[in-house]
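Reader: I have a structure open and I'm new to it. Could you walk me through how to read it, one feature at a time?

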Amino acid sequence: MVNSPKIKVAVLAIPEIMEINRSEHGIIKLSGYEGKFLQSILTKMGMEYEIVVPEDRQWGLQQDNGSWTGLIGMIERGEADMACTFLAMTDQRMEAVDFSSSYASEVYTFATHMPDSYKSNFAILHPFHATVWICLCGILVMTSIVYAQLQERKTSPGRIFYKLFASILKQPQEMHDKTWESSALLLMWSLFALIISLSYSATLLSFVMLPSKEHPISTIHELSEAVQGGSHQCIASKDGSELVSLRNSKEDYLSKLGNIIYRNKWFVNSSTINSEYFIRQGRSQLIYKNLAKLLFDAREDISISEDSLMSRPLAIALNRKFCCKSDLNSAISRLASAGIYYKHLKDSSIKHAMKAKIIQTIFPVHQLTINDITGALVMLTSGYLLSCFVVLWEIVFPRFLEHFNEWKHKIYQQHL
């Protein structure tokens, strides 16, 4: 194909995906994983080519008058012979242009920011589940009653309860008048109290070092409900076919999601589709999964959903008069079968992760504040108030009882 005419190839310049590099001698070299794959195809075909970029920098959206914008528009108007940059093959686009064989299949999903850590005033209760706390209280009460029975009621169950509870807090038991049966019970209780105490201390320490996080949005249903509830925003490509499919979906939650995005103009264009600016607290971005993994897989603060909205084949758009469609399909088939596309994707992912130099602070170091120990202070204050109430009761109640008995005695004397 030495004498074949020069073809025009339309692309979108997107960092990490399709980058156009021109040397001092005017030689064009494509980079980015889509760019490298396209370069391999053009090299395999042995054709001279010219790279062109649409002025509106869009993939292609059909207008009200039937015309197309972006890459699809350039192919339809004859301004380019081929178009390639993460271009999905859809029925609507196939009415305007031809497509080559598919070289990859992409799943459309979303990426969202991980929720911030939350602090609870009662974090001291978090190490154990509510069921565990209830079981502990039940075991403590039952053990107190059984021990009192073994002691033949020489000590009240309430006092035993207090001493057993103190042993969990690593205080001495101070149990007297022990029988063989009660000694065996105390031995088992001591082992139990040791395990519970150590387990609680270790778990509480982990909560202090790594605060709990709220559950992130992980499914399309959850995303749609959050957007409809007004607590979340969702960004999507304005000129992509995916938003049109969402708005026209028969599924109510998908169509509502698409219409809210369109109504509020939560759009991202091709040049900023890989910007992490759009993914932050309270905001998600609809994106193809492989692209999301390339950009955000190394980020601990960004979550990529395993759910999918749709699956689309990627292909090269062609002018209906393109001369070498069979040669193009042959080159795509050979390169795709050899795994060249996914090799370029993997190489780009590694390169991006190394270039990003992301410094993750998994265990943030900070001084303890009042908020961190609010729960402990509340319990301490409650204990002090309860102690003061008991002291006052011990002082006031005997005097009240004494006056009450005197009053009863006077009444009795009057009746006599």
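This is a predicted model: local features need pLDDT of at least 70, side-chain atom pairs count only at pLDDT 80 or more; totals for chains, interfaces and linings use all residues.

Reader: How do strands in a sheet pair up in general, and in which sense do strand 1 and strand 4 pair?

Author: In general, strands of a sheet pair through backbone hydrogen bonds, and they can be parallel or antiparallel. Here, strand 1 (residues 7-10) and strand 4 are parallel, with four bridges between them.

Reader: What is the order of strands in the open sheet?

Author: Read across, the order is 4-1-5-13-6, five strands with mixed pairing. The edges are strand 4 (49-52) and strand 6 (98-99), each of which pairs on one side only. Helix 1 packs on this sheet and touches strand 1, strand 4 and strand 5 (82-83). Its direction makes about 165 degrees with the direction of strand 1.

Reader: Now strand 7, please. Which strands does strand 7 pair with?

Author: Take the partners one by one. With strand 12 (residues 310-314), strand 7 pairs in the antiparallel sense over five bridges, and tyrosine 108 stands opposite methionine 310 there. Strand 10 (residues 283-288) also runs antiparallel to strand 7, joined by five bridges; in that pairing threonine 109 has isoleucine 287 as its partner.

Reader: Is strand 7 mostly covered or mostly open?

Author: Mostly covered: of the ten residues in strand 7 (residues 104-113), eight are buried. For this kind of call, buried means under 20% relative accessible area.

Reader: Let's go to the cores. How many residues does the largest nonpolar core have?

Author: To find a core, you look for buried nonpolar residues joined through side-chain atoms within 4.5 Å. The largest one here has 83 residues, and Leu38, Met82, Leu286 and Ile316 have the most contacts inside it. Helix 1 (residues 33-45) gives the most to this core, with six residues. A second, separate core has 13 residues, including Leu136, Ile160, Leu164 and Leu186.

Reader: What does isoleucine 316 touch?

Author: Leaving out residues up to four places away in sequence, the contacts of isoleucine 316 include Leu38, Ile41, Met82, Phe99, Tyr103 and Leu328.

Reader: There's also a database note. Which residues does UniProt list for "binding site"?

Author: The UniProt record, an unreviewed entry, lists Arg93 and Ser241 under "binding site". They span 149 residues in sequence, yet no two of their C-alpha atoms are more than 8.9 Å apart, so they gather at one spot.

Reader: Where does each of those sit, and is it buried or exposed?

Author: Arginine 93 is in helix 3 (residues 91-94) and counts as buried at 3% relative accessibility. Serine 241 lies in helix 8 (residues 241-247) and counts as buried too, at 9%. Not counting residues up to four places away in sequence, serine 241 touches Ala88, Thr90, Arg93 and Arg312.

Reader: How many disulfides does the whole structure hold?

Author: Zero, on a search of the whole structure. The test is a pair of cysteine sulfur atoms within 2.5 Å. Take cysteine 137: the closest cysteine sulfur, in cysteine 135, is 9.4 Å from its own, too far for a bond.

Reader: One last thing: which residues have a positive phi without being glycine?

Author: Here are two to look up. Arginine 57 has a positive phi of about 50 degrees and lies in the loop between strand 4 and helix 2 (70-76). Arginine 57 is partly exposed, at 43% relative accessible area. Lysine 265 has a phi near 55 degrees and lies in the loop between helix 9 (252-264) and strand 9 (267-268). Lysine 265 counts as exposed, at 64% relative accessibility.

Definitions and conventions: Residues are numbered from 1 along each chain as its sequence is written. Side-chain values use heavy atoms; hydrogens and water are left out. UniProt positions are given in the numbering used here, feature names are shortened, and annotations may be inferred rather than shown by experiment. Helices (H or I, at least four residues) and strands (E, at least two) are DSSP runs, numbered from the N terminus. Buried means under 20% relative accessible area, exposed over 50%, partly exposed in between (1.4 Å probe, protein chains only). Contact means heavy atoms within 4.5 Å. Two strands pair if DSSP finds at least two bridges between them. Axes are lines fitted to C-alpha atoms, for helices over the stretch in contact, and angles run from 0 to 180 degrees between N-to-C directions.
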